[in-house]
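The sequence and structure come next.

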Amino acid sequence: MNIRLHKIEKPESRIIKISGSKSETNRALLLKALQHSIQIENGSDSDDSYLMLQAISEKKEVIDIGHAGTAMRFLTAYFAIQPDCSVIIKGSDRMHERPIGILVEALKQLGAEIHYLEKQGYPPLKIIGKKLIQNRISIQATVSSQYISALLLIAFRLENGLRLQLIGKVTSVPYIKMTLQMLNRIGVKTDWTDDVITVYPASELADTTLSIESDWSSASYYYAIIALSPVGTFLELRDFEKESLQGDACIIRIYENFGVTTHFKGKSIRLEKVASPAKEYLEADLTNAPDIAQTIAVTCLGLNILCNLTGLHTLRIKETDRLQALKNEIEKWGGTVCITENSLQLTSKININRDTKPVLIKTYQDHRMAMAFAPLALKTTLDIQEAEVVSKSYPDFWKDLKKIGFKMQEL
Ligand SMILES: O=C(O)C1=C[C@@H](OP(=O)(O)O)[C@@H](O)[C@H](O)C1
Ligand SMILES: C=C(OP(=O)(O)O)C(=O)O
């Protein structure tokens, strides 16, 4: 389904409730599979969390995990320690291009039996579940934190726990901290000193309710909407915490550069555009928050601000090559976007508010491409291809934009 987003002046100031964080939910679902007494509140309604839940509960011999990267990685570790289990996990064509070798080799060092069914280092995988006895391994930490989280999540169920040595500059650190904090919440002891993470074994755990905070990556699109709106515009988002487990909450500080303030009122946040952007140039290192890179790049485009975004090395292996996808789509308005292996620069100002035929944004089966470009409707009319991709993390995205006054039509 392609849609046209008609230009609007500003959003209506309504209250929006985004569902729970996809990252927290997928961790909670895995922990619940290992400790049934755990209860989950405010779980994510995303496709990725649904696929994760289905894979755990249906106990099929062949699981299709679609585009869900965290589910693919977490379930690989989970099935590797299920005795008497033999399962094949496959995914979308893109999933079969997203590397998993670092995690598989680490699990094999622990004693797991995992076979590549097509290309070495990539899904699909055949996993024969085993009791794992080893507890000391090292792992390359520069490529994806999801491999590390996957190992940490199962570690309390290993007889001797896990001592994991991280090699290289650790990427997406807040996601590893989120994993450790969620383990702590269910009563598992952990330690992270220098480059070594230790998870202690635990068999008897108290009943716990894991209450999931709303999704900050999804909230980022509302920050973009407010940033592109006139001074005085505000919106309220429900169920967010001042002390978040999610690294993407750093959006609060980044959007201050664009004149957007955040006020916590109990469990709601009020975003308000209080001033025009202070600077005409933004420099940001997003090593710790890769999922908001697209939001920020497109906000800069809409505000006519130049930027240098760094720490983006993981973007090449996500739902699509996000650096190339951003370059392709932004350049449709003219100008040049420079990308390297780990950075993106907008080096020339681009006027998107022109009286030309609406630009059609390709989404490359990446939910964040659709959601990152949608806020540009505050500046120009534009078309979004395959708009349904948003369901990977935020199925109600278009419905919620309509609630705040976005005008859209199917093409
Ligand atoms: O652990 C998680 O929940 C995630 C970790 C990050 O991946 P990388 O560590 O591969 O950057 C992030 O991009 C992804 O959306 C979710
Ligand atoms: C990268 C993402 O997800 P995953 O790696 O879990 O597919 C994302 O949601 O932006």
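## Domains

The centres of domain 1 and domain 2, taken over C-alpha atoms, are separated by 30 Å. Domain 1 covers 3-17 + 214-222 + 281-410, and domain 2 covers 22-211; the bounds come from an automatic or database domain assignment. Between the two, 14 residues of domain 1 are in contact with 15 residues of domain 2, where contact means that the C-beta atoms, placed from the backbone, lie within 7 Å. The side of domain 1 that touches domain 2 has 4 nonpolar, 7 polar and 3 charged residues. In this classification Ala, Val, Leu, Ile, Met, Phe, Trp, Tyr, Cys and Pro count as nonpolar, Asp, Glu, Lys and Arg as charged, and the others, Gly among them, as polar.

## Model and conventions

This is a predicted model, in which local features need pLDDT of at least 70 and side-chain atom pairs count only at pLDDT 80 or more, while totals for chains, interfaces and linings use all residues. Residues are numbered from 1 along each chain as its sequence is written, and chains are lettered from A and ligands numbered from 1 in the order in which they are written.

The mean pLDDT of the chain is 97, and 100% of its residues reach 70 or more; pLDDT is the predictor's confidence in each residue, from 0 to 100. The scores for the model are ipTM 0.99 and pTM 0.98.

A residue is counted here if its C-beta atom, placed from the backbone, lies within 6 Å of the molecule.

Helices (H or I, at least four residues) and strands (E, at least two) are DSSP runs, numbered from the N terminus.

## Ligand 2

The shell around ligand 2 consists of Asp-48, His-67, Ala-68, Gly-69, Thr-70, Asp-291, Lys-318, Glu-319, Arg-368 and Ser-393. Its classes are 1 nonpolar, 4 polar and 5 charged residues. Ligand 2 lies between domain 1 and domain 2, because both give residues to its shell.

One open sheet has 4 strands in the order 4-5-7-6, with mixed pairing; two strands pair if DSSP finds at least two bridges between them. Strand 4 (62-64) and strand 6 (113-116) stand at the edges with a single partner strand each, so one side of each is left without a neighbour in the sheet. From one strand to the next, the twist averages 20°; the axes are lines fitted to C-alpha atoms, and angles run from 0 to 180 degrees between N-to-C directions. Strand 5 (residues 86-90) pairs with strand 7 (residues 125-128) over 4 bridges in the antiparallel sense, and Val-87 stands opposite Ile-127 in strand 7.

Another open sheet of 4 strands has the order 20-21-1-22, also with mixed pairing. Its edges are strand 20 (359-361) and strand 22 (407-410), each with a single partner strand, so one side of each has no neighbour in the sheet. The twist here averages 25° from one strand to the next. Strand 1 (residues 3-6) and strand 22 run antiparallel and are joined by 4 bridges; the bridge partner of His-6 in strand 22 is Lys-407.

## Hairpin and loops

Strand 10 (residues 190-193) and strand 11 (residues 196-199) pair in the antiparallel sense over 4 bridges. Thr-193 has Val-196 of strand 11 as its bridge partner. The two strands form a hairpin with 2 residues between them, and Asp-194 in the turn has a positive phi of about 50°.

Most residues other than glycine have a negative phi, and most peptide bonds are trans. Asp-84, in the loop between helix 3 (69-80) and strand 5, has a positive phi near 60°. The peptide bond from Pro-123 to Pro-124 is cis, with omega near 0°, and Pro-124 is found in the loop between strand 6 and strand 7.
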